[in-house]
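Have a look at the picture first, then read on.

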Amino acid sequence: MFTSQRLFRDVPCPQRVSCKRSPCLFSHDANAVFKLTQVPHELAPATPAPRQTVPAKRHAQADPQPTASSSRVAQSPSVERPTKLQKTGTTRRPAATPTASSTPTGVPILTINAGQSKIPVSTRQVCHPVLMLRYPQRVRRLPPSCPLCPPPSAASSSCYCMLIYWLFYLLSHIKTMLKTLYDHFVVLYDSVLPDNPSLASEHALRQEQEIYERTTKFTYRNTVITSIASLKGRSPPTSIVHPSVGTTGDLVARSKAVTIRNDLQLTTSHLLPLLLNLNELKQWNYIIDVPDEWGPGSEAPSAEGEVMTCERCKQRYTVRALSHDASISNACAYHPGKPLWMTTNGERVRTYTCCTRPLDDVFDRGCSRGPHVFYEGDAAQLHTRHSFAESLPSTSTTLDIAALDCEMVYTTGGFRVARVSVVDAHGKEVFDELIKMDDGVEVVDFNTRFSGIQPKDYAAKAVLSLDGVRRALGKLVGADTILLGHSLENDLRALRIVHRRVVDTVTLFPHPRGPPYRRALRDLSREFLGRGIQTGGPTVGHSSVEDSVATLDLVKWFVLNKKSKPSLGGGGKTPASWKT
């Protein structure tokens, strides 16, 4: 395998004839003789170690007679015995005084007594390499150089050999506390780690950093143990926006933000700069007046018997009620989710959010089945289904500020409102009613996946008609009331109400691509409030009360952060400084 250097060619083989090595490194010559080499050396003369003199406890008055015990110590009569050591100065423990110096790169070097240092010696002298790169201020100064390397340059205060040595040294001393924190975060985030694989490691590092910044070497370990106990007491999160997700600092900051937001008393002076003007109302398709040419309205509340285009499958069909033809309940095959661009195996594919099927699949017939439904967006056509009306004049009972949200269902008269909820400026629910359909109008699809309305609840609780709900709502919401909402023009269209004093979170938190694109309310709540909404799933659906409170809190967040209303002229990208 390697070329022989023949270093043992003159040494006789120990096994002689019985040697089985081929080839053998030793000599098999019969005349070969083993030579013993002696290295001459001289022994150094032994010098007795000097014996130290034990100090006396007091001055000697006269030379005493030597005794058996004192004769062990040889003392010279010409040498004066030392006196007892006396402490001088203060008895207080000296304070740690660092030496002001720094490396050529500007990193300060502290030379300090380890016993008086605030850095825990047993737990913080050694750092994980990841921490060393992320928090270089924690790492002790490395030895300057070694004999094998050239002198260190101005850019580096340590040689590469010592740096490599310390890296291997740090790798062999991974911090136990950090590893324990990571293990407990993994257990806590078990259900959300598949979608966020780095969440546990990121939060473990941040949690340890928080503990380090607020503790000393005497309290560090106990604080870590306390943090681990708090992790064990948290409820397992079901989503990334669950209240249990985050470090201790995140939870405290989130709690403080909620307290500050709840303590804020919204007033009209806060919201007047955020109101939409007439041009902005028109741009976002708000109904600002009812033309005379529309007529009295409500001439054709139902479209039964008319031919419409299905909003889901885009097929033409004849509108019929379920009570007249039960076979229409499964006539439409569609996807309830929206098509979004996703990257699969390095390729961008547009897929449905409900079933992840590609949009260009020619054999796709939808993942859900239901009745055909239609949607009408023309304001004049909506007026013929049910007439629009101005907001009632404000009275002593009307609110100054209110947040409103509605839930819709599909009927033989189109997309109609079936539930309306209102909360006041404090987030307290003041109105929540199910709406009975007009005469001749039947519900085709309750759209429970989004509306959250169950057929049994609707049949038992829907008592007031749309006109009755608007009269009851007029006692709380008048013409001078500032209404808050998300895509509020859709709710006002469904209620057939003309209202001009509105604050819309769609305009406060614009989409990066600008109008007419809009950000979803659940995304805004997760990003700016750290709260998940609309998480009930297809069987529970949304809650108009929950959405109203989320809209109110988003407006409070906007006011607290002192943001001016963004311009709607171009792209409306949300500034990074807005994010918490």
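## The whole chain

The protein chain exposes about 35,900 Å², and carbon and sulfur atoms supply 56% of that area. Accessible areas here come from the Shrake-Rupley method with a 1.4 Å probe, and for residues only the protein chains shown count as cover. Keep in mind that this is a predicted model: local features need pLDDT of at least 70, side-chain atom pairs count only at pLDDT 80 or more, and totals for chains, interfaces and linings use all residues. Residues are numbered from 1 along each chain as its sequence is written, and side-chain values use heavy atoms, with hydrogens and water left out.

You'll find 17 helices and 17 strands in the protein chain (DSSP runs numbered from the N terminus: H or I of at least four residues for helices, E of at least two for strands). Of its 580 residues, 38% count as buried (buried means under 20% relative accessible area, exposed over 50%, and partly exposed in between, with a 1.4 Å probe and protein chains only). Take the contacts between residues at least 6 apart in sequence: 63% of them join residues at least 24 apart. Contact means heavy atoms within 4.5 Å.

## The cores

Which residues touch the most other members of the largest nonpolar core? They are Leu-404 and Leu-495, in a core of 27 residues. Strand 10 (401–411), strand 11 (414–424), strand 12 (429–436), helix 13 (466–473) and helix 14 (488–495) each supply at least two residues of this core. A nonpolar core is a set of buried Ala, Val, Leu, Ile, Met, Phe, Trp, Tyr and Cys residues joined through side-chain atoms within 4.5 Å. A second, separate core has 26 residues, including Leu-275, Ile-401, Ile-482 and Phe-509.

Back to Leu-495: leaving out residues up to four places away in sequence, the ones it touches include Leu-404, Cys-406, Val-417 and Ile-435. Helix 14 is mostly covered, with seven of its eight residues buried. Among them are Glu-489, Asp-491 and Arg-493, as well as Leu-495.

The axes of helix 7 (residues 248–263) and helix 17 (residues 544–560) come within 10 Å and cross at roughly 95 degrees. (Axes are lines fitted to C-alpha atoms, for helices over the stretch in contact, and angles run from 0 to 180 degrees between N-to-C directions.) That's why the two helices count as roughly perpendicular, the word for angles of 65 to 115 degrees; under 35 is roughly parallel, over 145 roughly antiparallel, and the rest oblique.

Helix 5 (residues 199–214) also packs against helix 7, at an angle of about 80 degrees with the axes 8 Å apart. Here Arg-206, Gln-207 and Glu-210 of helix 5 meet Thr-248, Gly-249 and Asp-250 of helix 7.

## Two loop residues

Ala-321 sits in the loop between strand 4 (316–318) and strand 5 (332–334). Is Ala-321 buried or exposed? Ala-321 is buried, with a relative accessible area of 0%. Apart from residues up to four places away in sequence, Ala-321 touches Glu-304, Ile-328, Thr-412 and Glu-442.

Now try Lys-475, in the loop between helix 13 and strand 15 (482–485). Lys-475 counts as exposed, at 56% relative accessibility.
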